[in-house]
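This report considers how two chains are arranged and how they meet. Please examine the structure before reading on.

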2 protein chains.
Amino acid sequence: MSQSPNDAYAAAGVDLDVAAQVKEGIRSAVESTRTSLVQAGFGSFGGAFSIPPGYREPVLVSSVDGVGTKLHLAIEWGRPEAAGRDLVNHCIDDVAVLNARPLAFLDYVASGELEPAIVVALVEGMAAACRSAGVALIGGETALMPDTYRAGAYDLAGTMIGIAERSAMPDPARVQRGDVIVGVPSVGLHTNGYSLARRTAATLGPDYRVGEGTLADALLAPHPSYLAELEAAFSVEGMRVAAHITGGGLEENVPRVLPSHLGARFDVRGWVAPPVFDVIADQQGLDAPAMYRVFNMGIGLAIVVAPESADELLDALPGAFVAGGITERADPRVVLAGL
Amino acid sequence: MSQSPNDAYAAAGVDLDVAAQVKEGIRSAVESTRTSLVQAGFGSFGGAFSIPPGYREPVLVSSVDGVGTKLHLAIEWGRPEAAGRDLVNHCIDDVAVLNARPLAFLDYVASGELEPAIVVALVEGMAAACRSAGVALIGGETALMPDTYRAGAYDLAGTMIGIAERSAMPDPARVQRGDVIVGVPSVGLHTNGYSLARRTAATLGPDYRVGEGTLADALLAPHPSYLAELEAAFSVEGMRVAAHITGGGLEENVPRVLPSHLGARFDVRGWVAPPVFDVIADQQGLDAPAMYRVFNMGIGLAIVVAPESADELLDALPGAFVAGGITERADPRVVLAGL
């Protein structure tokens with residue numbers, strides 16, 4: 001693990017104390033995520049971990065992501081650890097939709113000024129989400145780049161490595177016309193659409209009431225880990241594929257798991273999006289089609305299942321609902337009825 | 001592969017063309033790196049690849065890094081693809097010192113304005129370095145964050161995933177007093193010390209003569225991949241451990257591969273650092289001890305070998321030289337004689 005602030009510290013001379021504070025602060029968080037698979041300790045050049053036994057044809061599944069501008073809000077509103085959790089959970093979901101078990105995570109934190117308390121909180125948030133999912137935080141890089149980042153700004157990115165049994169991975173070729181699409185509810189924006197969200201936040205402030213909480217609660221609600229839901233779904237016979245609904249909403253993300261000749265039809269009257277989306281639409285003057293092109297609008301996962309297995313899947317996923325179905329491909333490929 | 005500019009595009013409305021240009025521009029670069037191990041195509045949520053056969057106890061070795069502020073110079077001086085190569089090669093070396101074969105890479109590119117030509121050049125540089133090493137570029141994220149990045153600034157980070165045979169991984173416990181340290185030459189700064197380098201560059205300009213080339217050539221010389229050298233070294237009986245000399249120089253990086261009771265002694269009169277280091281030292285008014293604390297000063301890899309195997313190792317690595325030896329631990333732990 002080489003979570004070592006880069007040599008810009010040494011160049012600056014005065015900041016070696018900051019580097020030491022960061023390093024010491026994150027050490028226990030990182031070590032708290034250690035699993036039995038981890039082979040190398042804090043400080044080695046690469047993070048090393050064993051492939052768990054029992055896989056006939058192991059396939060590594062990995063995904064890289066950032067949390068985008070949600071990080072600004074998290075820091076501005078005093079909850080940087082939330083952004084760390086968001087990043088890890090986003091990455092968990094990206095590998096878990098391929099029926100992979102997440103194993104190891106590596107992070108990248110960069111800023112123009114590196115406040116130790118913020119860096120440590122980010123890493124602690126990542127470590128907490130890693131522990132919840134049995135993931136080891138095996139590597140990280142912290143970079144200080146004053147000419148790159150605006151004053152007070154940070155960026156945070158990470159890579160998840162997971163493992164899947166090849167024969168158990170979802171195959172878009174199995175999706176058929178007439179399959180059912182089950183929606184798993186989102187809790188809010190997750191990590192997408194924060195350019196618009198921040199404009200709303202700037203106007204209304206963190207304490208504006210949204211539903212039963214505040215705008216801060218709604219906008220900083222953690223990106224959920226859907227690992228348990230996806231494990232349950234993949235144990236259902238007739239489960240086909242799952243799409244993680246991130247930036248670009250249903251229209252961009254659902255086609256990523258469909259064969260080229262098929263499309264999807266949703267009836268948006270079948271679920272209610274969290275109230276924060278209404279607040280953003282009102283404030284930004286966006287109509288429903290525009291909102292659906294950016295946000296998840298209440299669906300965190302779209303799971304495609306054979307019709308005869310839909311009830312079993314719904315029983316396995318409390319809160320999930322029938323959101324649509326698979327159709328022949330048309331234009332647009334994803335139809336949103338009832339908008 | 002989700003190399004999709006994030007939804008800030010959609011929010012901004014007018015920039016969807018930029019997103020499409022970036023996506024199309026990087027597609028062929030990414031696809032050129034495809035290896036037989038790759039399982040999923042461009043567009044899926046996670047990059048998937050098979051574990052190569054033939055390992056008894058496979059261990060995954062991964063490393064995350066950025067190229068730091070070298071990226072500024074590479075863009076300013078019109079060679080962004082060089083920064084892409086640097087990043088991949090840096091990460092190759094970090095996993096290869098653990099005797100791992102690099103397999104797959106994921107990148108993160110972020111900026112406040114995303115010029116398609118620059119993003120595509122960065123990805124093409126990464127893809128070229130990946131192809132040279134047989135590495136598949138299996139994932140990426142491109143983020144547009146105007147409030148995070150300064151005008152014209154980019155950041156670039158990446159994660160390498162490699163695989164090692166557990167019994168063939170170097171073990172610091174095997175290092176003994178009296179072992180020889182062989183240096184493999186660096187070509188210049190590699191990716192570290194660019195805060196100081198950029199100050200020098202700002203004063204002297206890209207065309208200033210350094211040795212037989214220009215300052216631009218010297219400062220943008222690519223971080224070498226030492227994969228072939230490390231494979232050759234690990235085939236030598238008596239090879240112990242290897243340290244990749246990055247930020248912090250010999251003093252910070254060599255101890256990372258030593259057992260706690262040992263130290264190292266170098267005699268810096270045994271090699272000549274590339275002339276760019278003299279230029280930086282002169283311009284920045286830094287003495288030799290200060291330079292050695294920041295830069296690699298001419299050694300890209302420090303390889304520890306049993307004394308009876310030193311000649312065999314030197315024969316296997318043209319250009320390499322005896323740089324020092326392993327001692328009992330003292331204070332300082334790394335002694336630089338002849339400074």
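## Symmetry of the two copies

The model is predicted. Copies are superposed by least squares on the C-alpha atoms of residues with pLDDT of at least 70 in both. On this basis, chain B is placed on chain A by a rotation of 180 degrees with 0.0 Å of shift along its axis, and the RMSD is 0.0 Å. The two copies are therefore related as by a two-fold rotation axis.

Among the residues of chain B, Tyr149(B) comes closest to the rotation axis, its C-alpha lying at 2.3 Å.

## Extent of the interface

Chain B contributes 72 residues to the contact and chain A contributes 71 residues. The copies meet through the same surface, because 99% of the interface residues of chain B are also interface residues in chain A. About 5,400 Å² of area is buried between chain B and chain A, and carbon and sulfur atoms give 57% of it.

## Polar links and contributing elements

Between chain B and chain A there are two salt bridges. Arg198(B) forms a salt bridge with Asp147(A), with the closest N and O atoms 2.9 Å apart.

On the side of chain B that touches chain A, strand 2 of chain B gives the most, with nine residues. The residues of this side comprise 35 nonpolar, 25 polar and twelve charged.

## Strand pairing across the chains

Strand 2 of chain A (residues 58–66) pairs with strand 1 of chain B in the antiparallel sense, over four bridges. Within strand 1 of chain B, Phe49(B) is the bridge partner of Leu60(A).

Terms used:
Residues numbered from 1 in each chain as written. Chains lettered and ligands numbered in written order. Predicted model: local features only at pLDDT ≥ 70, side-chain atom pairs only at ≥ 80, totals over all residues. Heavy atoms only, no water. Contact = heavy atoms within 4.5 Å. Buried area = accessible area lost by both parts, 1.4 Å probe. Salt bridge = Lys/Arg side-chain N within 4 Å of Asp/Glu carboxyl O. Helix = DSSP H or I, 4+ residues; strand = E, 2+ residues; numbered from the N terminus. Nonpolar A, V, L, I, M, F, W, Y, C, P; charged D, E, K, R; others polar. Pairing = 2+ DSSP bridges.
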